[in-house]
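Here are my notes on the model you sent.

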Amino acid sequence: MEREKVINDVRTKAEGYFQRGEFFCSESVIHTLNELLGWPFDPSISRLASGFPIGIGKSGCVCGAISGGVMALGMAYGRDHGNPMNSKMLPIAADLHDHIKKLYRSTCCRVITKDLVFDSPERKAHCVKITGEVAAWITDKLLDDEELINTIKSVNI
């Protein structure tokens with residue numbers, strides 16, 4: 001498995017779902033990463049991400065791609081009821097936040113898209129790019145995890 005190919009394939013797949021209108025940002029990220037991890041959850045798990053697009057239900061708050069990304073990280077590092085927190089979960093979620101904030105100066109949907117008209121192709125392209133960035137960044141981090149490397153599958157594009 002060639003690392004850069006896997007990362008680029010995940011980026012392309014997540015972006016494609018959003019670009020084609022099959023999913024919004026948060027749903028695209030969680031669905032693509034569920035596949036990458038070998039479907040540890042039923043594909044309907046993407047339904048849990050359906051309230052996050054456009055900054056949590058169109059409120060313009062936290063970017064939906066980031067929300068979907070944090071949910072996807074939970075698929076890898078989340079805990080079951082009564083178990084201790086995985087020591088990797090909170091730091092990697094914070095790193096995702098910081099990565100996007102460094103790139104876009106914010107993690108807030110309305111700030112990241114403030115200069116773009118809501119229904120414009122430019123805004124959609126911008127959001128598609130962020131969706132791909134989140135999915136690719138997480139993939140890169142997951143590929144560094146020796147405990148997960150054997151569960152990671154190449155995605156079919």
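1. A term first. A salt bridge here is a side-chain nitrogen of Lys or Arg within 4 Å of a carboxyl oxygen of Asp or Glu. Please keep in mind throughout that the model is predicted.

2. Where do R3 and D140 lie in the chain? R3 belongs to helix 1 and D140 to helix 6, and the two are 137 residues apart, so that the pair links distant parts of the chain. R3 is partly exposed, at 30% relative accessible area. D140 also counts as partly exposed, at 23% relative accessibility. Salt bridges with shared partners join R3, D140 and D144 into one network.

3. R11 and E133 form another salt bridge, with their closest N and O atoms 3.1 Å apart. This pair also links distant parts of the chain: R11 is in helix 1, E133 is in helix 6, and 122 residues separate them. Are the two partners buried or exposed? R11 is partly exposed, at 24% relative accessibility. E133 is buried because its relative accessible area is 16%, and buried means under 20%.

4. R20 pairs with E22 in a salt bridge, and the closest N and O atoms are 2.3 Å apart. R20 is exposed, with a relative accessible area of 55%. E22 counts as partly exposed, at 44%. For the overall tally, a search of the whole structure finds eight salt bridges.

5. Next, the packing of helix 1 (residues 3-19) on helix 6 (residues 121-143). The angle is about 145°, and the axes are 8 Å apart. Helix 1 passes helix 6 in a right-handed crossing. On the helix 1 side, the contact residues are R3, V6, I7, V10, R11, A14, E15, F18 and Q19. On the helix 6 side, they include K124, C127, V128, E133, A136, D140 and L143. By class, this contact has 10 nonpolar, four polar and seven charged residues. R3 and R11 from helix 1, and D140 and E133 from helix 6, are among the residues that meet here.

6. How does helix 1 sit against helix 2 (residues 25-36)? Their axes come within 8 Å and cross at roughly 140°. That angle makes helix 1 oblique to helix 2. The crossing is right-handed. Helix 1 contributes V6, V10, K13, A14, Y17 and F18 to the contact. Helix 2 contributes C25, S28, H31, T32, L33, E35 and L36. The class count is eight nonpolar, three polar and two charged residues.

7. F24 is in the loop between helix 1 and helix 2. At 43% relative accessibility, F24 counts as partly exposed. Which residues does F24 contact, leaving aside its neighbours within four places in sequence? They are F18 and P53. F24 and L143 are 119 residues apart in sequence, and their C-alpha atoms are 25 Å apart in space.

8. The loop between helix 2 and helix 3 (64-77) holds S46. S46 counts as buried, at 6% relative accessibility. Not counting residues up to four places away in sequence, S46 touches F23, E27, I30 and H31.

9. Two backbone entries for your checklist. W39 has a positive phi of about 60° although it is not a glycine. W39 lies in the loop between helix 2 and helix 3 and is partly exposed, with a relative accessible area of 36%. I56 is not a glycine either, and has a positive phi of about 65°. I56 is found in the loop between helix 2 and helix 3. At 40% relative accessibility, I56 counts as partly exposed.

Note on methods
Residues are numbered from 1 along each chain as its sequence is written. This is a predicted model: local features need pLDDT of at least 70, side-chain atom pairs count only at pLDDT 80 or more; totals for chains, interfaces and linings use all residues. Side-chain values use heavy atoms; hydrogens and water are left out. Axes are lines fitted to C-alpha atoms, for helices over the stretch in contact, and angles run from 0 to 180 degrees between N-to-C directions. Helices (H or I, at least four residues) and strands (E, at least two) are DSSP runs, numbered from the N terminus. A crossing is left-handed if the near helix is turned anticlockwise from the far one by less than a right angle, and right-handed if clockwise. Contact means heavy atoms within 4.5 Å. Ala, Val, Leu, Ile, Met, Phe, Trp, Tyr, Cys and Pro count as nonpolar, Asp, Glu, Lys and Arg as charged, and the others, Gly among them, as polar. Angles under 35 degrees count as roughly parallel, over 145 as roughly antiparallel, 65 to 115 as roughly perpendicular and the rest as oblique. Buried means under 20% relative accessible area, exposed over 50%, partly exposed in between (1.4 Å probe, protein chains only).
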